[in-house]
Amino acid sequence: MNLKSLANLLGMSKTTVSRALNGYPEVNVHTRERVLAAAREAGYEANPLARGLAVGRTNVFGIIYPLLPADLGDAMFLHTVGGMTEALEARKMNFIIGPVSANNELASYEQIVRGRRVDGLVVSRTLVRDERIAFLSKAGFPFVAHGRTELDSPYAWFDYDNEAGIRLAAACLLEQGHQRIALLSAPLDMNFARQRKDAFLAALAAAGLGTDPRYLISDTIDRRSGYQAMQLLLACSPRPTAVIVDNHLSGVGAVRALLDAGVEIGKDMSVIVWGSLGDTLTGANVTTVDQPDPAGAGAKMIDMLLALSSGTPAQQLQVLWQPVLLPGATVGRCPV
């Protein structure tokens, strides 16, 4: 059963049947219900390619992603993308990932927009000043930012509360008597890293504590850099008594460096990592700042992207979820 056969069966024009199936408002309710009922009875399913061409849509959404070697083993990333994919598949739409090199990322955005190859994009790993978001905003192309950025015009974004999460971690350590607290950060041009560092410094200042510059190490975004950064902290005199790692990718390396050095975590040094470490450090029971329901977050971003594509103003599509502190065995009283 194709569109022509369905139209002949109903004694209507193909245009009327097509408009009824696609929900055009000029088709009256009685006609639409009659067409939909006949389509169900006849087992008619629209050709998605033809339908997309007819309405100027591809029914495909995507993310352009400069993949790091660790990303394919990053459970949090995969859960979030899985949530996006499932949300679209439930609507008979598709989600694609376009891996690119970092120096070709903006050019890829420009190519995608010119060719209208997707109906909308999720922009991940947002930067403090993000030329991708500025470009998409100026082009009027539908997108949802997974994270925030500095931009004068309103845009749709989804994020977890970076400041609140770091305040939870800092408060936990301060309550245990820690005063020499270090922070391992992702590159500070990433917006989440900048927000988390600012919140960390503010939390220590509010407690009347200064910060040793040696205890602030940035550009840790994978296991190797996390491992090396922790080695630098262990070489300090005096050492910090506690460390917050602002991302789970480098958190794995940081905890491994402590284990390899024979440091008793939770006693000799306390550690809190932002993000779940999964099964990468079996038995470590790391205290974490957790971002709940990553698959649900992915689905939420797709809901927002579809709403944006349907005309909802961007300023009504700004969502902030709250992280939670999950206690583990890696936080203890400050050693005397």
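This is a predicted model: local features need pLDDT of at least 70, side-chain atom pairs count only at pLDDT 80 or more; totals for chains, interfaces and linings use all residues.

Residues are numbered from 1 along each chain as its sequence is written, and side-chain values use heavy atoms, with hydrogens and water left out.

Two packed helices are described by the angle between their axes and the distance between the axes. For helix 1 (residues 3-10) and helix 2 (residues 14-21) the angle is about 105° and the axes are 9 Å apart, where axes are lines fitted to C-alpha atoms, for helices over the stretch in contact, and angles run from 0 to 180 degrees between N-to-C directions. Leu-3, Lys-4, Leu-6, Ala-7 and Leu-10 in helix 1 are in contact, meaning heavy atoms within 4.5 Å, with Lys-14, Val-17, Ser-18 and Leu-21 in helix 2.

Helix 2 also packs with helix 3 (residues 29-42), at an angle of about 90° and with the axes 9 Å apart, and this pair is therefore roughly perpendicular as well. On the helix 2 side the contact is made by Thr-16, Val-17, Ala-20 and Leu-21, and on the helix 3 side by Thr-31, Arg-32, Val-35, Leu-36 and Ala-39.

For the protein as a whole, there are 12 helices and 12 strands, and the C-alpha atoms fill a box of roughly 90 × 40 × 35 Å, taken along the principal axes. Of the 336 residues, 48% are buried, where buried means under 20% relative accessible area, exposed means over 50% and partly exposed lies in between, with a 1.4 Å probe and protein chains only. Among the contacts with a separation of 6 or more, 68% come from residues 24 or more positions apart.

Side chains of opposite charge can pair when their charged atoms come close. A search of the whole structure finds 8 salt bridges, each defined as a side-chain nitrogen of Lys or Arg within 4 Å of a carboxyl oxygen of Asp or Glu. One of them joins Glu-150 to Arg-129, with the closest N and O atoms 3.7 Å apart. Because Glu-150 lies in the loop between strand 4 (143-146) and strand 5, and Arg-129 in the loop between strand 3 (120-123) and helix 7 (131-139), the pair ties together parts that are 21 residues apart in sequence. Glu-150 counts as partly exposed at 48% relative accessibility, and Arg-129 counts as exposed at 65%.

Another salt bridge links Asp-130 with Arg-132, the closest N and O atoms being 2.6 Å apart, and both of these residues are buried. In helix 9 (residues 191-206), Arg-194 and Asp-198 are 4 residues apart and so are separated by about one helical turn; their side chains meet in a salt bridge at 3.9 Å, N to O. Arg-194 is partly exposed, with a relative accessible area of 32%, and Asp-198 is partly exposed at 40%. Elsewhere, salt bridges that share partners join Glu-105, Asp-130 and Arg-132 into one network.

Asp-161 lies in the loop between strand 5 (157-160) and helix 8 (162-175). A polar atom of the Asp-161 side chain lies 3.3 Å from the backbone nitrogen of Glu-163, and one lies 3.0 Å from the backbone nitrogen of Ala-164. Not counting residues up to four places away in sequence, Asp-161 touches Arg-148, Trp-274, Leu-320, Trp-321, Gln-322 and Pro-323.

Thr-126 is placed in the loop between strand 3 and helix 7 and is buried, with a relative accessible area of 3%.

Technical notes. Helices (H or I, at least four residues) and strands (E, at least two) are DSSP runs, numbered from the N terminus. A polar contact is a pair of N or O atoms within 3.5 Å; within protein, one must be able to donate a hydrogen and the other to accept it, and residues adjacent in sequence count only if both atoms are side-chain atoms. Angles under 35 degrees count as roughly parallel, over 145 as roughly antiparallel, 65 to 115 as roughly perpendicular and the rest as oblique.
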